[in-house]
Amino acid sequence: MSRILVTGGTGYIGSHTVVELMQSGFDVVIVDNLSNSSIDVLDGIEAIVGKRPDFANIDCSDYVAMAELFDKYHDIEGVIHFAASKAVGESVEKPLLYYRNNIGSLICLLEVMKAHKVKNIVFSSSCTVYGQPDSAHLPVNEDAPIQKALSPYGNTKQINEEILADEAHADKGLHVILLRYFNPIGAHPSALIGELPNGVPQNLLPFVTQTAAGLRKQLRVFGNDYNTPDGSCIRDYIYVVDLAKAHVIAVRRQLEKKSSEQVEVFNLGTGKGLSVLEILNTFIKVTGVDVPYEIVGRREGDIEKVWADPKKANEVLGWKAETPTEDILLSAWKWQQKL
Ligand code: NAD
Ligand code: WQD
């Protein structure tokens, strides 16, 4: 059976992907420095799958440690690279930290992969590369222009995409799949793994669930004067388990050499845009729990509306995000209650 290295595999999206990979029969080794996740996540994965994934507490930018890992696991056939710092606001405060971690990690990983002749990498990119698409590009497909990033975090995703494309140009054996995620939400239906925000959540869903649980007084809805039907911002919220499944398909595609293109890009979204107020009201409706909120001013740097055209992923990968919003929100609530 093929072994896949999952960097950032104890993180939010990584842990759900490890579950799907293992349940699909892959051997996995996780590399994570636990800078934004807990070792206990391995217990959750083991409880779901019935087997503990191999794990190494290593920083991806530590060449020596990474090379030793590849020596030990000489059966690694592909890599999914989730490891990165991801807090947009923090990246504005500490840009060097973000450039060093997110770019240094990828360069080191590619160097080690090259030295060990590992030729397949799936990379976690983001819809942030599109910025605010103009109305002609909504829903946004993979051909929409990349726009100047609004944060150092967003810039690291753009630069990483370029590094991967340049390296693929130089190394004709390298295969790269860039997955541009929209807004991942929800938790595994078992409630054994889920999102573990550090401190005050910046993202909408964890803030909603923590407010519903009484941990926060009220949700602040950032703006109701946008050019959208109810005035609040629109996003494409995708279930983390659906997202995880797309990674299994991407890995198989590489191992089975299904594509002649060296670099492929896929949007991973539902194709449906939902406003902040729609998410909030649906959450209240399906859980029966009240979520106090107030409308406040706009948050700096927010995009007004963006949602995916996932046609390419649907047709080429044969993947579709199918979980109803109601079920996704219930999974997030079940996870919050467990916490
Ligand atoms: P996360 O913080 O939960 O997971 C990232 C993991 O990487 C963490 O466990 C962290 O400890 C680890 N890590 C960070 N730097 C490392 C390093 N140098 N060496 C080893 N491990 C390191 O984040 P997530 O939400 O699961 O995101 C995973 C990936 O998807 C990231 O690359 C992120 O930028 C990208 N992404 C996330 C979202 C989102 O909204 N969650 C959207 C688009 C793209
Ligand atoms: C969603 C909507 C907020 C919190 C960020 C990154 C992006 C990507 C995904 C990685 C917005 C509103 C939020 C709150 C609110 N990550 N909101 N009150 O901004 O789409 O994207 O995460 O690549 O790069 O920027 O996600 O969850 O922060 O916000 O009203 O307390 O919820 O204004 O409209 P966003 P989010």
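A backbone N or O atom of Tyr 12 lies 2.8 Å from an oxygen atom of ligand 1. This distance, like the others reported here, was computed from a predicted model. Side chains also take part in polar contacts with the ligand. A polar side-chain atom of Asn 101 is placed 2.7 Å from a nitrogen atom of ligand 1, and for a polar side-chain atom of Asp 59 the distance to a nitrogen atom of the ligand is 3.0 Å. On its own, ligand 1 has 830 Å² of accessible area, of which the protein covers 95%.

The shell around ligand 1 contains 28 residues, and those that come nearest are Asp 32, Asn 36, Ser 37, Asn 101 and Tyr 153. By class, twelve residues of this shell are nonpolar, twelve are polar and four are charged. At least two shell residues are supplied by each of the helices α1 (12-23), α5 (95-115) and α6 (152-170) and by the strand β5 (120-126). The largest share, three residues, comes from β5.

Helix α2 spans residues 41-49, and its buried residues are Val 41, Leu 42, Gly 44, Ile 45 and Ile 48. These residues lie on the same side of α2, because they cover an arc of only 160° around the axis. Such an arrangement can be related to helix geometry: an α-helix has 3.6 residues a turn, so residues three or four places apart point the same way. The elements that cover the buried residues of α2 include α1, β2 (27-31) and β3 (54-56). Just after α2, Gly 50 adopts a positive phi of about 85°.

Terms used:
Residues numbered from 1 in each chain as written. Chains lettered and ligands numbered in written order. Predicted model: local features only at pLDDT ≥ 70, side-chain atom pairs only at ≥ 80, totals over all residues. Heavy atoms only, no water. Near = heavy atom within 4 Å. Polar contact = N/O pair within 3.5 Å; in protein donor to acceptor, adjacent residues only side chain to side chain. Areas by Shrake-Rupley, 256 points an atom, 1.4 Å probe, with all protein chains shown as cover. Helix = DSSP H or I, 4+ residues; strand = E, 2+ residues; numbered from the N terminus. Nonpolar A, V, L, I, M, F, W, Y, C, P; charged D, E, K, R; others polar. Buried < 20%, exposed > 50% of the residue type's maximum accessible area, 1.4 Å probe, protein only. Arc of directions from axis to C-beta. Contact = heavy atoms within 4.5 Å.
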